[in-house]
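Please examine the sequence and the model before reading the solutions.

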Amino acid sequence: MKTTAEIRRDFLDFFAARGHTIVPSAPLVPGNDPTLLFTNSGMVQFKDVFLGAEKRSYVRAADVQRCLRAGGKHNDLDQVGYTARHHTFFEMLGNWSFGDYFKRDAIAWAWELLTQVWKLPPERLLVTVYHTDDEAYGIWHDVVGLPAERIVRIGDNKGAPFASDNFWQMADTGPCGPCTEIFYDHGAHIPGGPPGSPDEDGDRFIEIWNLVFMQFDRQPDGTLLPLPAPCVDTGMGLERLAAVLQGVHGNYEIDLFRRLIAAAAALTGTADLDNKSLRVIADHIRACSFLIVDGVLPSNEGRGYVLRRIIRRALRHGWMLGVRGEFFWKMVAPLVEAMGEAYPELVDQRGLVESALRAEEERFGETLEHGMRIFDEVAASDAVGPARVIPGAEAFRLYDTYGFPVDLTADIARERGLTVDMAGFDAAMAQQRAAARAAGKFGGGATLPAELVAHLQPTQFLGYDTLAADGLDVVA
Ligand code: ATP
Ligand code: MG
Ligand code: MG
Ligand code: MG
């Protein structure tokens, strides 16, 4: 069985042998883009190279990039615990060509790595191409030899002209181009249809690798001019690939997650290792620890508030498992054991991660139980009505008095077949802000002991408006 560590190494070795420079992972907080909350894919650190604004000493690169999809445009937080394949924090294996090789090599190497190095049965793999990309179709069909029934053309079927999953663009203008994605069929016993079918969101056919071909420069009027030197940007989820190579269906069954889940089970006294809450805790300890390693601390705004939300969700899952004391910060030790070799910065900052999490755990521990009681009372009362909606004012009371971020309340509600009146929540929030402004005081403020804060460079927070517009619920 291939371990996660071996897979990382295989990937880098394969591309190093084909002339790629191995580049370290960038931090989760992008250094080059104030409009982006978190590094959510491998290409983020190369953005300026694609735009031509930055030159590197190499034209081929490969890396293992830590990514976070929680908050902002890419937000998989609500998928965690519900699908077999989504994490908030995950590792993306990627190879790049900056104006060097293009579709033919990128596709041929991906196929070689999957079917010859890792020996995946070709009949389990299928691919999508963008509906007009005859070049990629031709390479899959004629060079690789994939039969037509396993090459799916994906059109612009999701509304807006460029909304397709198979057409990538960095922004409204600039570099863009078609993608081809590789899927693995986990078998007919799992619900879900192939890509492009109505039930494609099931977990039978799991997308493992996305190959993006940047070949156009989109003009303000929408026309696509060919780029003089087309680029390749690929991303493959390490955990999804590990599941395939380890012969398990879900990401949470791979070696790395088994260890974290076993640790969470021991700390929470849970016998059933398939319990969803254990998965959420195992996912969230990675996201929270790496955020702190990369300079984010829990707070009431911006990135810090995303971190706080993830921590509180994890703590609530511990509470559901019957924990009434501290447990979450104790997950750092097993995490360091499982991932410290690949990420020495995690080992170095272990003490800081533990104390930051512990401080937050103490803080929220005081109100969690009380808040849960309030939630139960509201849920059982007439206030939810026949539509089964938690009133916005109640969600706001949970937020304001008990520190329940509204997405936490919505998550608890979802488990019980309820929803939250978000518009009502926003209205209550706006009202309170107006009142606070009128009274000349401001909410928020420091939330951690000063000596902890002093250890860290504060997260630069440049694009408040852009971040807010990016879909983050900012609370100041
Ligand atoms: P999906 O459609 O399954 O949500 P995606 O199309 O959003 O995936 P991409 O943006 O193409 O994913 O990212 C490249 C690769 O990163 C994916 O093919 C997948 O292997 C992996 N990946 C994406 N999102 C996640 C996630 N939340 N957790 C784990 N791996 C992920
Ligand atoms: Mg996705
Ligand atoms: Mg996809
Ligand atoms: Mg994709």
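Strands (E, at least two residues) are DSSP runs, numbered from the N terminus. This is a predicted model, in which local features need pLDDT of at least 70, side-chain atom pairs count only at pLDDT 80 or more, and totals for chains, interfaces and linings use all residues. Residues are numbered from 1 along each chain as its sequence is written, and side-chain values use heavy atoms, without hydrogens and water.

**Exercise 1.** Determine which strand supplies the largest share of the shell around ligand 1.

*Solution.* Step one: 15 residues surround ligand 1 (a heavy atom within 4 Å), and Asp76, His86, Glu207, Asn210 and Arg240 are the closest. Step two: at least two residues of this shell come from each of E3 (89-97), E8 (205-218) and E9 (224-237). Step three: E8 gives the largest share, four residues.

**Exercise 2.** Identify side chains with polar atoms close to ligand 1 (N or O pairs within 3.5 Å).

*Solution.* Step one: a nitrogen atom of the ligand lies 2.7 Å from a side-chain N or O atom of Asp76. Step two: for oxygen atoms of ligand 1, the distance to a polar side-chain atom is 3.0 Å at Arg69 and 3.5 Å at Glu181.

Notes. Chains are lettered from A and ligands numbered from 1 in the order in which they are written. A polar contact is a pair of N or O atoms within 3.5 Å; within protein, one must be able to donate a hydrogen and the other to accept it, and residues adjacent in sequence count only if both atoms are side-chain atoms.
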